[in-house]
Structure formats: structure tokens, C-alpha cells
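I record what I looked up and what I found.

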Amino acid sequence: MSSAAPVAEFPTSSPLFDARAGEVTQAPSRGQRIFDAVFRKTCHTFAWLTILLVGFIVARITAAAIPAIHTLGLGFVTGRVWDANAGTYGILAQIWGTIYTSVLALMLGSIFGVAAAIFLSEGFLSAAVFGALKKFNLHLKPVTLRLPDQLERLLKELIELLAAIPSVVYGLWGIFVVIPLIRPWCNWLHAQMGWVPFFSTDLSGPGVLPAVLVLAIMILPTVTAISRDALVSVPPKIRMAAYGLGATRWESLFAVILPAASRGIFGGIVLAFGRALGETMALAMLVGNSNQIKLSLFSPANTLAALLANNFPEAGPKEVGILMYAALVLLAITLVVNVAGAFILHRAALMQSE
Amino acid sequence: MSTAMPPLRPANGHAATLPAEKRDDIVVDCHIRELYYGSFKAVRDTEIPIRKNSITAFIGPSGCGKSTVLRCLNRMNDLVRGFRFEGHVRYRGRDIYAHGIDPVAVRRFIGMVFQQPNPFATSIFNNVAFGLRLNGFKGDRADKVEKALRAAALWDEVKDKLNKSGLSLSGGQQQRLCIARAIATEPEVLLMDEPCSALDPIATRRIEELMTELSQKFTIAIVTHNLQQAQRVADYTGFLYVDTTQGGRTGYLVEFNHSKHLFEDPQHPHTQQYIRGEFS
Amino acid sequence: MATNVVERNLAGVEDPFAGVDFSHLERSLRRPRTLIDALLNLATAALTMLALVPLFSVVVMLLWRGGKRLSIAALTSLPPGPLEAGGGFGNAIVGTTVMVAVAILFSVPFGILTAVYLAQSNNKVAEVVRFCAKLLTGFPSILAGVFAYGAVVLATGGFSSLAGAVALSVLMLPTVILTSEDAIRMVPSRMKEAAIGMGATTAQTVWMVLLPTAIPGILTGVMLAVARAAGETAPLIFTALFSNYWLWQHGQMKLMQPTASLAVLIYNFAGMPFKNQVELAWAAALVLVLMVLCANLAGQALSARQVQR
């Protein structure tokens, strides 16, 4: 390579350097240039492939669903009966089950999740531990000095651990622990207050309530993590202003801190809703797989994801198309919820940075 | 290749502001007519010749664009969004901003030492050998590393811990490590952007001595806000000033001369005021 | 005005605080606002603790019911038939490991190369890619299975571990992309500047500085993705299906055959009316949780080594 050759010789030499100028320093070799160009192109290509992958996923599912969309039309979404023998397919019951269980789980999971986020972000625990240690005059000992912070971190990691347990394990735990545990109470409630629509049936095994309980546990870490981030990123000066005026901890929380963090918390809850809608295994194992629309917490129901999980393995070519249609409906619902959640969080981050 | 260079010829004398001196020992001939970051005009009308085996210092108040000018000399400004440049920078007679010139190749011949010491998160040896690997050097790496570390006056302090992380050194040692890294590949020109601003006086002194030694082998351009430093080490000094008359803050070259002349007998009133310490 | 008040105070003529009872400075639960504060403190503490009860319950049950059945035989034998005694889930451990490994092969190079692009660019394309990656993180795992079913099972004509791996890699990809981008952006910009200032090409900067410095953070992301993928069931039920045999048969790897996995085994066995199968499901759950936890812990240990900005 002519361009890689030394530019010119010059006579200077010091005892430390004996090489001619340009002996070490070279313009990039042909190999380096080619590798650089290829590497950059490759990275660029893979970035585009990510976009294409998402497009391909949507296109693949849509394409497979098109025959079913043609034959079944919108009646598929409004039909309540799924009977493969009769050739009647409708997923309204599954859509109802998906949204009903997710909303209930979200209510439960948000209460616990936001409470845990407040508890972990406002220094309640470390303050309490510090106070307790001080009672015994242990608070400044080398071992105990860091204890309050360590305990708080441990608690935070335990909450995160809830998210690490696979959903199928939660399903197993739900079948053998939750259902036997709550069944007597549920049946007692049904016996005493059966006129309330929510308690209008008895719990014979799988049903909405155990599914909701387990689902709530599964989305709780998402709510906690995002809410905690939102609370922690409330500027300290806002906090100080409230405390400085003599507000108690909770007065400042309700009046100032929670409103400031509300967008972030709400975004987290919406994302958790997206998770709940798409969650499959725990529901397939606990919800009972029965296509009915009831308000009762104790009756079995079905969800879109559970429908897919149960029917795909043995589906014939015709049924595959119909299931793809159901998958497309699930995709549309979760897509809308996830985009909304991401959008809210994005706006919250913008507000925060202003 | 698009970067095939024309044969070496003497620089044609845009930068001749000094009387009675040969023009053919100019290694980098910098002529900035206008330099923009987006719509912000950062520098105008700056002509600085950088001569072989000399030290050229850029001084001036903060915000006068002296670092910007320095970063023009090896096209580091290409990394800044919206950077636009009018004029030329000739390295050995070739315009490094000409079409088809590879900025990567330019930077291999015109090395750079930064304001903050910036060793890589790897061993001392690998830090110095980085440039050798970059250039695909096939010879005795250990020998080159030792020579560079000796030249940077760091060898005696680190010879027993070449496998320790470069980040474990003190600030002054880190900066000398960065100098060793820059000179290990033996580039022709070394640009130093306030190399001592993060260091204490003793470390600063060592780097200054080092620069004087290195100028026997390398051509050095240095940005400094320390007038004494420029006076102590530089053969030539350029004084840049900020022009605020047109609304923006545009830097330009006020005066360029031998350091001795510039400090003892400044011609321009701005230079006189600055050297007397009447503004910073 | 203000000075007047002070002077009069000093003179003792008129003290505006004279009527105030300073015993109010003491904290007392009798005052409603203090009481409410204390009660709410207690309530959040109670809710947080209550949220952790399921975790302890799951762990205790796993150790008790799973630990009871766990043995070398369970780890190394094939699943038992109905009403058969003994047996285990050795093939499921192998299946999960192989599918996750193949998914790593797909998703890690893909994810890191994309992340390299994202970390260097701030243009529209990068923004769209980042948006797509975020969409994929919230993507229901079962739809990854539906996609792999449509793209691989239907195309190759059968359930296979390859289809399972494709589904898992779709789930791993966004985690790898987003955490790797973060890790690369965490590399101090002055290191990148140093490399470029010495005349490194983009590829050299990436390979010699950015990736070596960012590697702990990247591996953290990979381990988190592995932890998620290993526990996934939904995308495997109708891609890899299940098998009662070893993946390794007659001296060759049956990548195009239905394959067992721990998660699907738990799902199948949990619904069976046989005591032996249920016990094995618990033991398999214990093994699966341990695998997932190991991946998580490895990731956390690595993240502690990331160079800070």
C-alpha cells in the first residue's frame, strides 16, 4: 500500500528512539479499513434487523391469521362460545377473563407494590432500625452502623427476587398451596354472602381468585421497581420545602412527593398491566380454563394466553389459523397498553428533567 | 486508494508571519478562516505555523477557542456534531481536510494528550502497547513499551507493576502514562490539551521537563492557561482572544511570535493587557 | 417592623409567644397528625412484609417438597410413565440447558452488535430500534412462542428444540440490547476519545476499548436474559413441546426433535393426578429456581465490576 508507507524520513534521532518516523506509525492498513467498514455495516444491519424482527413477528402472526379473519370476521371477537366440534369460535369470554383477572390483579398488586415502594424509598426502615438500635445504645458500633442500610437493601432485593421466580413455579405453588388455603374461606363467604355477585359461586378448585392472587404477586416487583425509581427521583429540594414548613412525613408524601412522582408510578402500573395481560402459565394452571363471563371471583374462567397455551400443541391446520387470530387480538391489546405505558413514562421523565 | 498522497513539497507560505526564517520546516500549517459548531461561530482568522522539533503554545482567556484550534489539527473536532470548517490545515504540505483524507490516518501521525488523564481500564503495559496493536506493529512490543515509559520518565516507578491497572496510578503518573501511550507509536506531532491542568505543581514540573526533552524528537503543540508554563517551555506562542463585538463569542489569533518576543515585547494592546494579568 | 418586635421582646414589653405551650414540641401520639403518621408508617411496613410472605412460602415449599424428592437419580433419569415409580428429569435439564445455550448463540451476537450501533448513534434509526427493543421487553412471552410456531414449526414441519431456542432468543434479545447499550454508554467518554485521538478506527475503538471495558455490564445483561429465558414455559409448550427421551440419541444431537424442558415438565406434571409426578414437579421446580437464581447472582456479581463513569 503506497498510502501506508512512511511519509518521509527525517534525520532527528534521540538515544531513546531509534526507529525512523513512520516505522511504527502507519496509516490504517487495508485489512483494518476493510474490517472497519464491514464491522460498521454489520452493526448497522443488525440494528435494522431488530426493527425488521418486530415487523416480521407482527407480519407472521397477521399473515397466519388472515384466513380466519376472512371466515370469522369481527364475530370472532364478540362471540361467547368456543366449540371446536360445532365449529363455533368466539373469544369474548377469554377477552373478558384476560381483562378481568388483570384489572383485579393490578388493583391488588398496585396497593402492595406502591406501599412497598414508599416503604423502601423514604427511609422508613433504616430510620426504624436505627431508632431501635439507639434504644440499646448499639447504633454507632462498627457492626451495627451499616445495618439499617443493609437491611433496606436486602428488602429491596427480596422484592426483586419475586420477579426472578418462573411463572410455572408460581403456578405449581398456586395449585398446591394457594387453592387449598383459600378454599374454605371462599366457600364460607359464598355460603354467608352468596347474594353478592362477586361471591355468587363456590370455589371448587381453580378459579379467578387464586389466579388473581398469584398474578398480583407476579406484577408487584414491576410496580415497586418503577414506582421506587419515580419516588427516588423527586428532587430533594421539593421534599426539603415540605419538611421545612413543618409537614409530617406523610403530609409531605401526600401533598408533595406522591403528586410529583405520580406520572412515573402511573406509567409503572400501566406497564405492569401489560405484563398481567400477557402472563400465561400461572393463569393457564390456576384460572380453570372455562369459557364463561361471570363476575364471581370463585368461578373458573379463561384468558387469551391460556387459550393459546392449551390449544396450540394439538391444533390442526384450520385451528392454527383461528388461534393465530386470537394471538393477534392479544398482541393488539398488549401493544396498546405497553405503548401507552412507555409513553407515560417517557413524558414523566421529560417532566422530571425540566 | 483515495488517500494516496502527492510527493512531499515545501508548504507554501500562508503562515509566514515570522521574518527571516525558513518556511520549509513547518510541519503543520494551520489556517482557520472560520470554524462553526452548528450556527455558533467558535473561531475565525487564526493562522499558526507549527515548526519541526519545536514547542508551540496557545494561550488566551478561557472560551477563546484555543482547545478548538488544537483539536482541529488532528481532526478530533470531526466527532462534534455540527462541526464545520473553512480554511485549511496542512500537514507536511497536504491539507488534512481535503476530500479523501482519512481522519483516522491523520490521527496516527498527529497524536494527542488530553486535559484529563484518560488511561484505559487495562494494565499499564497494555495501555502503552495500545498504539502498537493499533498500528499492527510486528516487532518487539516490550522493547517499545519500555522505551516509551522511559521517555515519559515513568519507567522507574512502574517497571515492577506493568500488569497493574493503569487506573491505579496517581494523577500525575496517569498523565505521564498517557504521554507514554501517545509517544510509543512515535507520531511526528504531539498535541497536548492543557496536559497539566488536573495536576499538582510537582507533577506539572515533571511534565514540563518531559516536554522539553520530547521536543528533540517530536513536534509539540500545547494549549495552556498557565502563562509561566508557556514562557518556560514554548519556543513559539500564539495569543488568542475572544471577539464579542458581533454578539457571539468568537476566538481569533491576536499575535504569534517567538515566546521570548511575545512575552517581553508584546505588540498588540490585548496581548499586553493579558500578559500583565489585567484580565483572564 | 421586624426590629420593633425584637426590641419589644427584649424589653419584655410584649412577647408574642407568651401564650404558647411549648410542651407541644414533644412528640405525642395523642395528637391526630402524629398518630396518623405512625399508623401509616405501620401500614406500609405491614403491606411490604405481607408482599414478601409468598416469597417465603414458595421458598419453604420448594425446599420442603422439592428437597424431599431431589436425588442423584432424579437428576439423571428419564421421566416416569403414569403410575410408574422413580424416574427423574435428567433429559429436561439437558433440554433447558441446550435450548438456552442455542438461544444465547442467536441473541447475544445480535444484541451486542445492535447495542454497539445504538451506543454510537443518536439518529432516528437508533430511536426506532430502541423503541422496538422496549416493545419487545413488554411482549407477552406466549406470542414469542406463537411467532416461533409460525416461523419455525410450520416451516420445518415439526416441534423442535430449534423452534424453542428461537422463541427464547426473541425474549432474550431486548434485555441483551438494552443492558449492553447502557454498559457501552457507561464507558467513560474520555477513554473513547483517547482511542480515537490515537487514530483508532471505529471498529478498533469498539473491540479494543469499548467492549473490553463494558464486558462486565454486558455479561450482567446476558445473565439476566438467561435467567428470564430459563424459566419461560409459555413459548416452549408448542415449540419444543416435550419428550420422554434424551436429546442425545445414538451418538447425535436431535435438535429437530421435540425436546423436554424443566419448565414444561413442571407444567405437565403439576396437572397429573399421580403422586410421583407431582413430587417430581416440585423437585424440578427447585432445580429450575436454583438455576435461575445462579444466573441472577452471577449477573449481579458481574455488575459490581462495571467501571464507573
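In which helix of chain B do B:Lys260 and B:Glu264 lie, and how many residues apart are they? I found both in helix 9 (residues 259–264), 4 residues apart, about one turn of the helix. Helices (H or I, at least four residues) and strands (E, at least two) are DSSP runs, numbered from the N terminus.

I noted that this is a predicted model, in which local features need pLDDT of at least 70, side-chain atom pairs count only at pLDDT 80 or more, and totals for chains, interfaces and linings use all residues. Residues are numbered from 1 along each chain as its sequence is written, chains are lettered from A and ligands numbered from 1 in the order in which they are written, and side-chain values use heavy atoms, without hydrogens and water.

**Entry: salt bridges**

I looked up the salt bridges (a side-chain nitrogen of Lys or Arg within 4 Å of a carboxyl oxygen of Asp or Glu). Side chains of opposite charge can pair when their charged atoms come close. Over all chains, the search finds 28 of them.

B:Lys260 and B:Glu264 form one, with the closest N and O atoms 3.6 Å apart. Both residues are exposed; the classes are buried (under 20% relative accessible area), exposed (over 50%) and partly exposed (in between), with a 1.4 Å probe and protein chains only.

I then turned to C:Arg185 and C:Glu181, whose side chains meet at 2.8 Å, N to O, in a salt bridge. They are 4 residues apart in helix 7 (residues 161–186) of chain C, and so about one helical turn separates them. C:Arg185 is partly exposed at 31%, whereas C:Glu181 is buried at 5%.

I also recorded a network of salt bridges that links B:Arg44, B:Asp45 and B:Asp243.

**Entry: chains B and C**

I looked up the contact (heavy atoms within 4.5 Å) and found 25 residues from chain B and 17 residues from chain C. The two chains bury about 1700 Å² between them, 68% of it on carbon and sulfur atoms. Buried area is the accessible area (1.4 Å probe) that two parts lose on being put together, summed over both. B:Phe120, B:Phe130 and B:Leu134 supply 27% of the area that chain B buries against chain C, more than any other three residues.

How many salt bridges are there between chain B and chain C? I found 1: the side chains of B:Arg71 and C:Glu193 meet at 3.1 Å, N to O.
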